Amino acid sequence: MTTETTGTAARDGDSRPGGPADSPFIRACRRRPTPHTPVWFMRQAGRSLPEYREIRASVPMLESCRRPELVTEITLQPVRRHGVDAAILFSDIVVPVAAAGVDLDIVPGTGPVVAEPIRTAADVQRIRPITREDVPYVDEAVRQLVVELGDTPLIGFAGAPFTLASYLVEGGPSRTHAKTKALMYGDEELWHALCDRLAEVTLAFLRVQIEAGVSAVQLFDSWAGALSEADYRRYVLPHSTAVLSGLAHAGVPRIHFGVGTAELLGAMGEAGADVVGVDWRTPLDVATGRIGADKAVQGNLDPCVLLAPWPVVEAEVRRILEQGRAAPGHVFNLGHGVLPETDPEVLTRVVALVHELSSRRADQG
């Protein structure tokens with residue numbers, strides 16, 4: 001199967017037998033019947049895997065994201081080990097803003113650190129538009145992966161404008177997002193100019209991945225849960241909508257995810273995604289009521305549960321599968337990313353359990 005054939009099938013939503021577009025993952029995203037509930041894990045590409053730590057031992061994070069051979073290998077590792085129903089591209093949400101000219105680094109143990117935080121309109125203007133030529137390593141890695149993965153879908157991703165803006169304004173990770181909110185409230189014009197620019201960069205970055213052949217995309221708004229619903233609707237929703245609506249005719253499912261977003265789920269569902277990711281705080285049946293019956297859901301095992309004894313893990317998996325039945329489509333996942341201390345064998349057992357339980361239910365009608 002060629003890269004072109006695979007990518008086209010994924011984009012067109014072709015329902016032919018086989019291929020990523022007919023996979024359980026894509027079918028669940030499109031709210032179609034599936035032979036079993038598909039499962040993948042956020043941050044499955046790396047983190048807990050010893051083979052990942054070995055390959056990354058001497059390579060800085062940003063550099064590893066810019067080396068297609070490393071991106072390909074790291075992305076494939078959890079598919080080989082766990083048998084998950086989808087791969088997610090190994091990358092980082094700051095990759096496109098670095099390509100857009102922002103001076104930053106990903107510091108081990110800290111996260112993204114920005115040399116000159118955004119303060120003025122001139123700072124915003126320095127964030128330039130990007131094209132495929134600015135991220136050729138992403139294009140190349142996706143094309144390699146589509147061939148390697150065959151019928152297994154590849155998920156592309158990007159950070160949402162608010163979360164990217166928070167890093168750029170704070171200068172790095174923040175618990176309170178105080179500087180971000182100060183700019184948001186204090187200079188609304190500058191805030192929207194910044195988010196407009198970041199939405200353009202994000203949209204271009206996702207389009208590169210889609211044209212290279214990814215089968216779905218996920219927009220991470222990791223820090224949106226720091227906002228009230230009113231503030232989310234005023235300061236964030238228009239920009240996330242610009243990204244997701246800009247992909248409306250791309251032919252791939254769009255997933256939207258944030259942490260601590262229980263009170264925002266309805267608004268996030270309005271942004272234009274086909275699937276809304278739910279963290280572990282909100283039961284999936286409750287989340288479905290807030291999001292609406294026209295969206296699939298993704299989630300939502302607490303990552304910390306994976307550190308518990310197996311009977312606890314099994315009980316939680318059963319609960320989530322049962323609650324997920326309220327949604328028109330369910331992709332099993334964690335409520336956030338895999339913790340580094342997670343035993344990879346537990347992840348493998350969870351995949352097998354989800355497949356077993358949901359397949360049995362499908363067989364029973």
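Analyst: Gly46 has a relative accessible area of 0%, so it is buried (under 20% relative accessible area; exposed is over 50%, partly exposed in between; 1.4 Å probe, protein chains only). This is a predicted model, where local features need pLDDT of at least 70, side-chain atom pairs count only at pLDDT 80 or more, and totals for chains, interfaces and linings use all residues. Residues are numbered from 1 along each chain as its sequence is written, and side-chain values use heavy atoms, with hydrogens and water left out.

User: Where is Gly46 found?

Analyst: In the loop between helix 2 (24-29) and helix 3 (50-56); helices are DSSP runs of H or I, at least four residues, and strands are runs of E, at least two, numbered from the N terminus.

User: What is Gly46 in contact with, leaving aside neighbours within four places in sequence?

Analyst: Tyr52 and Ile74 are in contact with Gly46 on that basis, contact being heavy atoms within 4.5 Å.

User: And Arg47, how accessible?

Analyst: Arg47 is partly exposed, at 29% relative accessibility. Arg47 also lies in the loop between helix 2 and helix 3.

User: New topic: strand 6. Buried or exposed?

Analyst: All 5 of the 5 residues of strand 6 (residues 254-258) are buried, so the strand is largely enclosed by the rest of the structure. Arg254, His256 and Gly258 point one way, Ile255 and Phe257 the other.
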